[in-house]
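Good morning, and thank you for making time for this presentation. Please have the model open as I speak.

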Number of protein chains: 2
Amino acid sequence: MMRKGELTRQAILERAVRLASRVGLQGLTIGGLAEELQLSKSGLFAHFRSKSSLEVEVLEAATTLFTEGVIRPALARPRGEPRIRALFERWLDWARSAAHEGGCIFVAAAAELDDAPGPARDKLVQGQKDWLDCIAQTARTAINEGHFRPDADVEQFASELHGVMLACHHASRLMRDSKAEARARRTFESLLNLYRTPKQ
Amino acid sequence: MMRKGELTRQAILERAVRLASRVGLQGLTIGGLAEELQLSKSGLFAHFRSKSSLEVEVLEAATTLFTEGVIRPALARPRGEPRIRALFERWLDWARSAAHEGGCIFVAAAAELDDAPGPARDKLVQGQKDWLDCIAQTARTAINEGHFRPDADVEQFASELHGVMLACHHASRLMRDSKAEARARRTFESLLNLYRTPKQ
DNA sequence: GCGAAAAAAGAACGACCGTTCTATTATTCT
DNA sequence: AGAATAATAGAACGGTCGTTCTTTTTTCGC
C-alpha cells in the first residue's frame, strides 16, 4: 500500500543528489528542488519530515551511488595491486563524472559540515570512514598477496591516496586544470612504487 | 578625511574572515556579522556596496593573512630545502590554527565557489594559483641550490604537496583524526625523498 | 467501482535574507 | 566652535527560506 510514494521519493533523491553537488547541502532548497521536479513545495516536503532529514537521505543516496559505481566493480578485480588500480581508476571516473556537474558531493559536504554537528555530519563522517577503511583493507590484501611490502602502513596509504584525489578534484574543479587527472595518475604511480615490494 | 571608517572596516573584515571560516562565504550573513560586532545591519552594509563585494574583500583579507603568516616568514629562510620545509611547517601552523576555528577558509571557499562564476571565484582562483606558483618557484630554487634533482617537475611537486595538506585538513577537520598532522609530516618526508637529489 | 488511505497541492506563517532610503550621531577640517 | 562630511542607526521593502495546516486529487485493496 505504498508504491507511488516510494517511486517519486526515489526520483526526488536522485535529483537532489545532483543539485546538491552543484550548490551544496546548504544551497539545496526545498522550493528549488520542487521546481526542478515540477512538484509543489509542500508535496515534496511531505516525503521528508524536515530539511535536515532530507540532507541525511541525500548523503545516503550518494553513498549508495558511490558504492555501486566505485567499490563494487573494483571488488570484482583480482586481489592485490589490480584491485587497488581498479579502485583508483573507478574513483577517477567518479570524480570526472562528478566534475561535469557541480563536483563531488562528498567534498562539498565535507567543507560545509566539518563544523556543523548533527545527523548529516555523522552520516558523512561514517561514510568517509568506511571508504578510507575500504582502501586500507584493500591495501592489506595487497600485502597478503605479496604485492605490497609487508611493513606497509595501510592507513597511511589510504590517507595519501585520498590526498591525491583531493588535489585532483581541486585542480580540475576550481582551477579548471586539464592536466589534473594526468598529474593524479602520475602521483598514484609513484605512490604505488613506494608501497610495492621492492624488487631484488 | 577617512579614518574611523577604515578602522571599523578593518575590524569587520577580521571578524568576517573568522566567521566565514566557520560557516562559509554563503553562510556569512550581513545580519549575523553585524550582531557579532554589535553594529547595525545597515551601518555595516554601508562599508561594502553589496554582499558579493564583501565576499571578495573577505577573500582578500584572508589572502593577506596567509601571505603574512605563511609565505613571508618562509622566505626569510635560506633557499632550497630549508625554505621548502619552512613553507610546509608554516602551512601546517596555518591549518592548525584554522582548525581551531571553522577550518581553512580557502578550502571552504573552494568547495562553495567551484561552480559559481563571479568576482569571488576569480579572486579565489587567482590566490590559489599564486600560492601554487609560489610553491613551484620555491622548488625551482631548490633545484638551483642542488637540493632537488635537476629533472624534478616543480608543478607536480606543488600539486602533490597541496594534496598532502588537503588530506590533512580533511582528516583533522572532518574526521577529528588526531594523527592527521603526523601523517602529513610523514608523507611530506617521503615526498621530499622523491624529489631530492639522490645520494651517490 | 467504491471507500479508505496515501500522495500531492495550496495557502499561509514567522524568520531572515540583501538592499534601499531617510534620519541621526560622530568625526574631521578650517 | 561651527560648518561640512563621514559614519552609523532605524525602519521598511520584496523575496525566499523551512514548516504547518487544510483541502483536493490520486492511488490501491476489496
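This is a predicted model: local features need pLDDT of at least 70, side-chain atom pairs count only at pLDDT 80 or more; totals for chains, interfaces and linings use all residues.

I begin with the relation between the protein chains. Chain B is superposed on chain A by a rotation of 180° with 0.0 Å of shift along its axis, and the RMSD is 0.1 Å. The two copies are thus related as by a two-fold rotation axis. Which residue of chain B comes closest to that rotation axis? The residue is B:G163, whose C-alpha lies at 2.2 Å.

Next, the contact between the chains. Chain A gives 34 residues to the contact, and chain B gives 34 residues. On the side of chain B that touches chain A, α1 (4-27), α6 (105-113), α7 (119-144), α8 (154-174) and α9 (180-195) of chain B each provide at least two residues. The largest share of that side, 12 residues, is from α8(B). Sorted by class, the side of chain B that touches chain A holds 12 nonpolar, 13 polar and nine charged residues. How do the two surfaces correspond? Of the interface residues of chain B, 100% are also interface residues in chain A, so the copies meet through the same surface.

DNA strand C is surrounded by 22 residues, and the closest are A:G5, A:S42, A:G43, B:R3 and B:G31.

The surface near DNA strand D has seven nonpolar, 10 polar and five charged residues.

Helix α4 of chain A, residues 51-75, has 25 residues. From its first C-alpha to its last it reaches 35 Å, close to the 36 Å expected at 1.5 Å a residue. Where does α4(A) bend? The bend, of about 35°, is at A:T67. The buried residues in α4(A) are A:L54, A:E55, A:V58, A:L59, A:A62, A:T63, A:F66, A:V70 and A:A74. These buried residues pack against α1, α5 (81-100), α6 (105-113) and α7 (119-144) of chain A.

Finally, two backbone details in chain B. Most residues other than glycine have a negative phi. B:Q38, in the loop between α2 and α3 of chain B, has a positive phi, near 60°. Is B:Q38 buried or exposed? B:Q38 is exposed, with 6 other C-beta atoms within 10 Å. B:R176 also has a positive phi, near 50°, and lies in the loop between α8 and α9 of chain B. B:R176 is exposed, because 11 other C-beta atoms lie within 10 Å, and a residue counts as exposed at 12 or fewer.

That concludes the presentation, and I welcome your questions.

How values were computed:
Residues are numbered from 1 along each chain as its sequence is written. Chains are lettered from A and ligands numbered from 1 in the order in which they are written. A residue is near a molecule or strand if its C-beta atom, placed from the backbone, lies within 6 Å of it. Two residues are in contact if their C-beta atoms, placed from the backbone, lie within 7 Å. Helices (H or I, at least four residues) and strands (E, at least two) are DSSP runs, numbered from the N terminus. Ala, Val, Leu, Ile, Met, Phe, Trp, Tyr, Cys and Pro count as nonpolar, Asp, Glu, Lys and Arg as charged, and the others, Gly among them, as polar. A residue is buried if 20 or more other C-beta atoms lie within 10 Å of its own, exposed if 12 or fewer, and partly exposed in between; C-beta atoms are placed from the backbone. Copies are superposed by least squares on the C-alpha atoms of residues with pLDDT of at least 70 in both. The expected span of a helix is 1.5 Å times one less than its number of residues. The bend at a residue is the angle between axes fitted to the seven residues ending there and the seven starting there.
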